[in-house]
Amino acid sequence: MKLTAKALLATMLLTPTVISAATPATTLILHPEQATDTISRMIYGQFAEHLGGCVYGGIWVGEDSPIPNTRGYRNDAIKAMKDLGVPVLRWPGGCFADDYHWRDGIGPRNKRPTLINNNWGGTKEDNSFGTHEFLDFCELVGTEPYVSGNMGSGTVGEMAQWVEYMTAPAGPMADERAANGRLEPWRVKYFGIGNESWGCGGNMRPEYYSDNYRRYSTYLRNQPGNTLYRIASGASDYDYNWTEVLMDRIGAGRMDGLSLHYYTVTGWSGPKGSATDFDSDVYYRTIGKAVEIDTVICKHIAIMDRFDPKKKAGLLVDEWGTWFDEEPGTIPGHLFQQNTMRDAIVAAITLDIFHTHADRIRMANIAQLANVLQAMWLTEGDKLILTPTYHVFKMYAPHKDALHIPISYNAEILTDSNGRPYPTLSATASKAKDGSVSISLTNTLLDKAQEIEIPLAGLPSHIRQADILTAADIKAHNTFENPTAVTTADFKGAKTAGGKLKVSLPAMSVVTITLD
């Protein structure tokens with residue numbers, strides 16, 4: 001049965017099949033004539049919360065640190081950000097956002113108050129990284145800022161003044177900003193009005209949040225040269241009622257974006273499982289949970305489409321990724337998590353799914369940038385190592401701002417031990433402005449290679465570049481002693497012949513091929 005990539009997961013609940021030892025080649029057909037939606041580069045966004053070593057140590061070390069830095073920012077983090085081409089960075093939370101009062105983080109650093117981070121480990125927060133440090137960092141690395149405002153414990157006036165402080169060209173807030181060292185206003189487009197307001201952001205009901213959103217957003221004024229993209233605090237996972245109420249009571253005319261949070265976690269109560277010590281059953285359950293984000297997105301989008309058929313409001317998956325137990329010996333509440341080849345496969349599958357919903361998903365922000373959950377890099381003193389997930393994001397760079405090409409293919413569907421279906425093959429394709437076509441393929445199987453054939457009629461046939469990310473063990477990960485245990489390499493398993501692209505896709509691998 002041929003399935004479009006978008007319809008693939010919806011059919012998984014039909015009769016699952018089992019792969020035989022002699023699986024024939026899978027034919028994968030691209031449909032460039034059906035390509036209508038552009039994959040926003042903002043789907044490749046990042047998230048930096050004041051949580052553990054994400055900001056402090058992961059990005060910021062201060063000007064006096066012996067760690068090589070530029071104005072207090074780690075030089076290796078600056079390079080990693082620029083090399084990855086991070087399009088947007090969300091800050092300061094997360095749960096921390098609704099405990100954060102922005103005035104604590106401006107002015108001379110030695111006069112800023114020290115507080116307790118009640119959400120994450122009860123550690124001290126010295127506020128040395130505040131509004132100026134965040135926005136200057138975004139300028140330094142060439143990324144757009146996404147600021148999350150405090151609705152939970154803050155006031156309307158506080159939030160309104162923060163927006164004015166950052167973006168007003170003149171007036172009292174601009175004068176105060178100038179006195180703190182920044183004469184010109186920053187450009188801050190993306191602004192979130194609360195975070196997880198159903199939980200750590202205030203434990204609100206959707207009706208109550210909707211009224212508060214309308215109130216707060218009224219006072220968040222655009223300034224000359226700066227138009228806000230207002231983002232409502234959306235649902236967690238399967239809470240479709242939250243989306244229903246917000247779309248009804250706020251409406252697309254009052255919000256530009258609606259957030260959604262989804263974590264690949266096997267269970268919220270009790271142990272979540274080790275990030276590095278797991279068996280094949282746990283691996284496939286992780287893949288099954290990751291794939292289920294497609295069903296969740298489809299249901300939230302269906303609600304949005306009823307209220308907003310012209311798709312004026314975007315869906316922003318501004319927290320997503322894997323969530324396992326903290327590494328043994330690390331600080332409780334800091335969520336330091338290693339990153340294996342399993343995380344890389346979850347990242348690839350999830351990005352593939354986001355691409356299929358490019359008409360509605362305008363942004364996504366993986367959690368988190370450094371040292372926390374599914375991080376891009378890990379640091380230890382003056383050392384920084386890139387994770388397998390970082391390499392997937394870099395491999396997928398050709399898809400940014402490219403035209404999404406629908407795909408159809410014969411897909412074998414298995415089920416995990418929890419009964420969740422998952423594909424043995426995940427794929428995505430896009431066409432760039434220069435006419436090149438990029439195809440990414442992920443083999444989720446631990447023990448079987450797959451043969452893929454892609455007819456090239458009407459498509460470029462020269463392989464410009466081909467990269468692979470794989471490992472001998474799904475638990476493989478980079479360490480400070482061996483920082484390149486999992487890294488990209490030139491892929492030799494693709495060739496064009498007889499009007500087809502033929503790919504020998506190793507087990508547990510991610511491949512991106514660009515044709516021109």
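This is a predicted model: local features need pLDDT of at least 70, side-chain atom pairs count only at pLDDT 80 or more; totals for chains, interfaces and linings use all residues.

I went to Q368 to start, and found it in the loop between strand 14 (361–367) and strand 15 (377–380). The peptide bond joining A367 and Q368 is cis, with omega about -5°.

I then looked up the cis bond between W91 and P92, where omega is about 5°. P92 sits in the loop between strand 6 and strand 7. I noted both bonds because most peptide bonds are trans.

Next I checked phi. E196 is not a glycine, yet its phi is positive, about 45°. I placed E196 in the loop between strand 10 and helix 6. Is E196 buried or exposed? It is buried, with a relative accessible area of 11%.

D237 also went on the list: its phi is near 45°, a positive value, and it is a residue other than glycine. I found D237 in the loop between strand 11 (229–236) and helix 7. At 9% relative accessibility, D237 counts as buried. I flagged these phi values because most residues other than glycine have a negative one.

**Cysteines**

How many disulfides does the structure hold? I get 1. It joins C95 to C200, with an S to S distance of 2.2 Å. The angle about the S-S bond is -90°, and the link of C95 and C200 is left-handed. The pair links distant parts of the chain, 105 residues apart. C95 is in the loop between strand 6 (88–91) and strand 7 (115–116), while C200 is in the loop between strand 10 (190–193) and helix 6 (206–218). So P92 and C95 go down in my notes under the loop between strand 6 and strand 7.

I looked up accessibility for the two partners. C95 is buried at 12% relative accessible area, whereas C200 is partly exposed at 33%.

C138 counts as buried, at 2% relative accessibility. I also looked at C298, which is partly exposed with a relative accessible area of 31%.

**Helix packing**

I took helix 2 (residues 75–84) and helix 3 (residues 131–141) to begin with. Their axes come within 9 Å and cross at roughly 55°, so the two helices are oblique to each other. Helix 2 passes helix 3 in a right-handed crossing. On helix 2 the contact uses I78, M81 and K82, and on helix 3 it uses F137, L140 and V141. By class I have 5 nonpolar, no polar and 1 charged residues in the contact of helix 2 with helix 3.

Helix 7 (residues 240–249) and helix 9 (residues 293–307) came next. The axes come within 9 Å and cross at roughly 20°, which makes helix 7 roughly parallel to helix 9. The crossing of helix 7 past helix 9 is right-handed. From helix 7, Y240, T243, E244, M247 and D248 meet a set in helix 9 that I list as V296, K299, H300, I303, M304, R306 and F307. The contact of helix 7 with helix 9 divides into 6 nonpolar, 2 polar and 4 charged residues.

Then I turned to helix 8 (residues 280–291) and helix 10. These axes come within 9 Å and cross at roughly 20°, so helix 8 is roughly parallel to helix 10. Helix 8 passes helix 10 in a right-handed crossing. The contact is made by V282, Y283, T286, I287, A290 and V291 of helix 8 with R342, I345, V346, I349 and I353 of helix 10. For the contact of helix 8 with helix 10, I have 9 nonpolar, 1 polar and 1 charged residues.

**Two buried residues**

I stayed with helix 10 (residues 341–356) for H355, which is found there. H355 counts as buried, at 0% relative accessibility. What does H355 touch, leaving aside its neighbours within four places in sequence? Its contacts are I39, Y44, Y396, H399, H404 and T428.

Last, I193 in strand 10. I193 counts as buried at 0% relative accessibility. Leaving aside neighbours within four places in sequence, I193 has contacts including G149, M151, M159, Y209, Y213 and S233. I193 and S233 are 40 residues apart in sequence, with 6.4 Å between them in space, C-alpha to C-alpha.

Notes. Residues are numbered from 1 along each chain as its sequence is written. Side-chain values use heavy atoms; hydrogens and water are left out. Axes are lines fitted to C-alpha atoms, for helices over the stretch in contact, and angles run from 0 to 180 degrees between N-to-C directions. Helices (H or I, at least four residues) and strands (E, at least two) are DSSP runs, numbered from the N terminus. Angles under 35 degrees count as roughly parallel, over 145 as roughly antiparallel, 65 to 115 as roughly perpendicular and the rest as oblique. A crossing is left-handed if the near helix is turned anticlockwise from the far one by less than a right angle, and right-handed if clockwise. Contact means heavy atoms within 4.5 Å. Ala, Val, Leu, Ile, Met, Phe, Trp, Tyr, Cys and Pro count as nonpolar, Asp, Glu, Lys and Arg as charged, and the others, Gly among them, as polar. A disulfide is a pair of cysteine sulfur atoms within 2.5 Å. Buried means under 20% relative accessible area, exposed over 50%, partly exposed in between (1.4 Å probe, protein chains only).
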